[in-house]
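Work through the exercises below with the sequence and the structure at hand. Each task is followed by a solution in steps.

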Amino acid sequence: MTVTEAIKARHSVRSFRNRPIEQAAVDRLNEIISECNSKSGLNIQLIPDDPDCFDTFLAHYGKFRNAVNYIALVGSKELADLDETAGYYGEKLVLEAQMLGLNTCWVAGTYGKGKCKAEKRAGEKIVCVIAVGYGETEGVKHKSKPLEKLCAVKKDDMPAWFKNGMLAATLAPTAVNQQKFYIDIDGEEAVITAGKGPMTRIDLGIVRYNFEAASGHRCRKG
């Protein structure tokens, strides 16, 4: 599976099979996490077999089932653009997980922050977590806003790379599917602007990663 195929195949999943993640997949995820941490300055951690983090009222209300494995996105409060950086590298891991045959769900509020087993160094915080495992289903595709609501370039005027990036951007997961972003083109780069709302900075990083992975071109903040 290519990263573009993973972007198209990946949907949010909250119910997982009672099956531990295969060791080869754990090793590969930890390898990618190490690379992401080295590049970003984050302290991302894979936490396997922890039944407590999602053992909360909100998690049950959110219909999480057998969510015992998760990726914790942790970073220094002093890190510039912490939320966006966490979103960017978290989405890379989400797509890597998809290519390993795993399913995922971004989670910002419906988990037990006080129960999360991730280690925090001085001055660090948990931005959010990503539930990961073998889903009971492959999830359902989310509805997307019309392209003209998300992009300044008319479809007929888009270079092929930009069109590929925009398609991937529309498939990116965002908080409550709000899709509060807008993308323009500047030569050989895309320019993205985030709207206002909860978790929009995390969403900005997620969308940027999808665009860049599918297009092969930089997507910078406006």
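**Exercise 1.** Leaving aside its neighbours within four places in sequence, which residues is Asp-50 in contact with?

*Solution.* The model is a predicted one.
Step 1. Find Asp-50 in the loop that runs between β1 (45-47) and α3 (57-61).
Step 2. With neighbours within four places in sequence set aside, the contacts of Asp-50 are Ala-67, Val-68, Tyr-70, Lys-115 and Lys-117.
Step 3. Look at the polar contacts: the side chains of Asp-50 and Tyr-70 are joined by one of 2.6 Å, and the Asp-50 side chain also reaches the backbone nitrogen of Asp-52 at 3.1 Å.

**Exercise 2.** State whether Asp-50 is buried or exposed.

*Solution.* Step 1. The relative accessible area of Asp-50 is 3%.
Step 2. Buried means under 20%.
Step 3. Asp-50 is therefore buried, at 3%.

**Exercise 3.** Follow Tyr-70 into the strands and describe the pairing of β4.

*Solution.* Step 1. Tyr-70 has Ala-131 in β4 as its bridge partner.
Step 2. Strand β2 (residues 70-76) pairs with β4 over seven bridges, in the antiparallel sense.
Step 3. β3 is also antiparallel to β4, with five bridges; Val-107 is bridged to Val-129 of β4.
Step 4. Of the 10 residues of β4 (residues 124-133), nine are buried.

**Exercise 4.** Describe the largest pocket and its lining.

*Solution.* Step 1. The largest pocket holds about 740 Å³ of space.
Step 2. Its lining has 29 residues, with Arg-14, Trp-106, Thr-174, Ala-175 and Val-176 closest to the centre.
Step 3. By class, 17 are nonpolar, seven polar and five charged.
Step 4. At least two lining residues come from each of α1 (3-9), β3 (103-107) and α7 (200-215).

Note on methods
Residues numbered from 1 in each chain as written. Predicted model: local features only at pLDDT ≥ 70, side-chain atom pairs only at ≥ 80, totals over all residues. Heavy atoms only, no water. 1 Å grid on protein atoms, 1.4 Å probe; cavity = no way out; pocket = protein on both sides within 12 Å on 5 of 7 lines; lining within 4 Å. Points joined across faces, edges and corners; volume = space filled by probe spheres on them. Helix = DSSP H or I, 4+ residues; strand = E, 2+ residues; numbered from the N terminus. Nonpolar A, V, L, I, M, F, W, Y, C, P; charged D, E, K, R; others polar. Buried < 20%, exposed > 50% of the residue type's maximum accessible area, 1.4 Å probe, protein only. Polar contact = N/O pair within 3.5 Å; in protein donor to acceptor, adjacent residues only side chain to side chain. Contact = heavy atoms within 4.5 Å. Pairing = 2+ DSSP bridges.
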